[in-house]
Amino acid sequence: MLIAGFPAGAWGTNCYLVAPAAGEECVIIDPGHEATEGVEETLKKHRLKPVAVVLTHGHLDHVASVVPVCGAHDVPAWIHPEDRYMMSDPEKALGRSIGLPLLGDLTIGEPDDVRELSDGSALELAGMEFSVAHAPGHTKGSVTFRMPETSDIPSVFFSGDLLFAGSIGRTDLPGGDHAEILESLGRVCLPLDDSTVVLSGHGPQTTIGRERATNPFLREVAAGLGDGGTAAPRRGM
C-alpha cells in the first residue's frame, strides 16, 4: 500500500494520494487550496494514474483544486450530496467573505463528473475498498473513509475534519453542529480498533488508541458526558 500525503495551501490541508503500490492507479483525497502542483509532483514521483477524487467535505480548503485536478486527468469527484453546493458557492458555505481574490487563481465550480457518496457504501476504486461513513457536525455532508486492515498494514481511517490529533473539527460555520459532531465521534470513531491509523484533514498522523486515551473530546464522548470538552483548540476552516 502506498499513501503519499502533503499539506497544501493557506490552511495546510492534508491531501492524500492512495494506491496499491507505486506505478499503479490511485485515488486522490481532498485536493484543496493550492494542491494542484503537489498532486502532479506526487503522481510523477510514484508513477501513479488517478482514477477518482474523493472528498471528505465541501469546504474550500479541501476542494479548491478539484476542478483542475479532475479536468487534467478526466476523473470523477465524489462528495456527499449535502456538501455538493459548496463547490460552486464556497462563501455561502463559510457564512462570510473569505477574500477569494487574496487566495490566488481559484477555479470555482464543479468538475464535469460529480458522483454522490452515501452512508455505509463501499467504494471500489483503483483495486482498493473505501468504506464511507456519513459523519456530520463539521458540515452537514462530512464523511470519513476507512480502508480495511491487510496483512502488512493496519486499518487506515481518513477522518477529514471530524477527528484530529488532540482535537476535533470546528462547528461554528454554516452546517456545523456541536451535538452532531459528538454523535458522529461516538458512532464512527469509537467502534474502531485502537490500532487504526488516523489520517486527518489537518495536522499529524495519529491512532484511534492514542485519541481514545488522550483526546479530551473523544474521552468525554466515550464517558457519556456529552459536552466533548472545551479546552483543546479546534482546527479546520
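**Reading the cores**

Analyst: In this predicted model, the largest nonpolar core has 23 residues, and those with the most contacts inside it are Leu17, Ile28 and Val53.

User: Which elements give two or more residues to this core?

Analyst: They are strands E1 (2–8), E2 (13–19), E3 (25–29) and E5 (77–79), together with helices H1 (36–46) and H3 (66–73). A second, separate core has 21 residues, among them Phe130, Val143, Phe145 and Val156.

User: With which residues is isoleucine 28 in contact, leaving aside its neighbours within four places in sequence?

Analyst: Isoleucine 28 is in contact with Cys15, Tyr16, Leu17, Val39, Pro50, Ala52, Val53, Val54 and Val69.

User: How do I read exposure: is histidine 59 buried or exposed?

Analyst: The general idea is that a residue counts as buried under 20% relative accessible area. Histidine 59 has a relative accessible area of 1%, and therefore it is buried. Histidine 59 lies in the loop between strand E4 (49–54) and helix H2 (60–63), and a polar contact of 3.2 Å joins its side chain to that of histidine 138.

User: Why is glutamate 220 called partly exposed?

Analyst: Partly exposed covers the range between the buried limit of 20% and the exposed limit of 50%, and glutamate 220 is given this label because its relative accessible area is 22%.

Key. Residues numbered from 1 in each chain as written. Predicted model: local features only at pLDDT ≥ 70, side-chain atom pairs only at ≥ 80, totals over all residues. Heavy atoms only, no water. Buried < 20%, exposed > 50% of the residue type's maximum accessible area, 1.4 Å probe, protein only. Helix = DSSP H or I, 4+ residues; strand = E, 2+ residues; numbered from the N terminus. Polar contact = N/O pair within 3.5 Å; in protein donor to acceptor, adjacent residues only side chain to side chain. Core = buried A, V, L, I, M, F, W, Y, C linked by side-chain atoms within 4.5 Å. Contact = heavy atoms within 4.5 Å.
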